Amino acid sequence: MADGLRIGTLAKHANCPVETIRYYEQTGLLPKPARSQGNYRLYSNVHFERLSFIRHCRSLDMTLEEIRTLLRFCDAPEKNCREVNALLDEHIGHVAERIVELKILESQLKDLRALCSKTRAAKDCGILNKLTENVVAHAQKKTNAGHVHGAHARGGK
């Protein structure tokens with residue numbers, strides 16, 4: 001890729017929205033590019049490589065803060081990578097937690113789906129009725145959540 005690319009061309013090459021590139025610049029993940037005589041941003045291969053790195057990390061569901069940490073190590077190649085290893089171990093733990101949560105979600109959705117095995121009028125749909133029932137029950141819990149039984153003194157003091 002040639003240096004001196006405008007933001008739209010960089011976005012196309014990196015398969016990334018222009019707004020995302022601007023955001024990464026604003027947050028300091030991407031360095032500010034040079035400017036043309038007409039004040040257009042001019043990106044280099046360094047920007048493309050860094051943007052590609054960021055996008056790859058995002059595809060691995062890493063947070064921007066995790067990516068910022070990794071970029072610090074990319075920018076200081078002589079540093080010990082112990083913190084990188086720890087970061088990835090922690091991220092793996094988060095992914096494992098999310099997998100458990102997603103399996104629970106899948107089970108809940110399958111249970112819902114089993115409530116309506118054939119098409120019928122929406123008013124008789126087991127899925128919609130159960131979802132509505134859950135919303136009402138949740139709203140009632142919130143209404144009663146602030147009251148603690150037995151918290152009020154009995155009788156006069």
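## Around helix H4

The cover over the buried residues of H4 includes H3 and H5. Those buried residues are Glu66, Ile67, Thr69, Leu70, Leu71 and Phe73. Buried means under 20% relative accessible area, exposed means over 50%, and partly exposed lies in between (1.4 Å probe, protein chains only). Contact means heavy atoms within 4.5 Å.

This is a predicted model, in which local features need pLDDT of at least 70 and side-chain atom pairs count only at pLDDT 80 or more, while totals for chains, interfaces and linings use all residues. Residues are numbered from 1 along each chain as its sequence is written, and side-chain values use heavy atoms, with hydrogens and water left out.

## Overall layout

The protein has six helices and two strands. Their order from the N terminus is α-α-β-β-α-α-α-α. Helices (H or I, at least four residues) and strands (E, at least two) are DSSP runs, numbered from the N terminus.

Of the 157 residues in the protein, 21% are buried. Take the contacts with a separation of 6 or more: 42% of them join residues 24 or more positions apart.

Helix H5 covers residues 82-113, which is 32 residues. From first C-alpha to last it reaches 46 Å, close to the 46 Å expected at 1.5 Å a residue. The expected span is 1.5 Å times one less than the number of residues. The buried residues of H5 are Leu87, His91 and Leu112.

His91 lies in H5. It counts as buried because its relative accessibility is 8%. Its side chain makes a polar contact with the side chain of Glu66, at 3.4 Å. A polar contact is a pair of N or O atoms within 3.5 Å; within protein, one must be able to donate a hydrogen and the other to accept it, and residues adjacent in sequence count only if both atoms are side-chain atoms. Leaving aside neighbours within four places in sequence, His91 is in contact with Leu60, Asp61, Met62 and Glu66.

Leu88 is also in helix H5. Leu88 is partly exposed, with a relative accessible area of 39%. Leu88 and Glu66 are 22 residues apart in sequence and 8.9 Å apart in space, C-alpha to C-alpha.

## The nonpolar core

The largest nonpolar core has 18 residues. Such a core is a set of buried Ala, Val, Leu, Ile, Met, Phe, Trp, Tyr and Cys residues joined through side-chain atoms within 4.5 Å. Those with the most contacts inside it are Ile21, Tyr24, Leu29, Leu30, Leu51, Ile54 and Ile67. The elements giving two or more residues to the core are helices H1 (7-14), H2 (18-26), H3 (45-59) and H4 (64-74). H1 gives the most, with four residues.

Leu30 touches Ile21, Tyr24, Glu25, His47, Arg50, Leu51 and Ile54, not counting residues up to four places away in sequence.

## Aromatic rings and charges

The whole structure holds one aromatic pair. Tyr23 and Tyr24 form it: the pair is tilted, at 6.3 Å centre to centre and 55 degrees between the planes. Rings of Phe, Tyr and Trp (its six-membered ring) pair if their centres lie within 6.5 Å; planes under 30 degrees apart count as stacked, over 60 as edge-to-face and the rest as tilted. Tyr23 is partly exposed, at 41% relative accessibility, whereas Tyr24 is buried, at 5%.

Two charges sit over rings. The charged end of Arg6 is over the ring of Tyr40, 3.5 Å from its centre. Lys79 lies over the face of Phe73, at 4.9 Å from the ring centre. A charge sits over a ring if NZ of Lys or CZ of Arg is within 6 Å of the ring centre and within 35 degrees of the ring normal.
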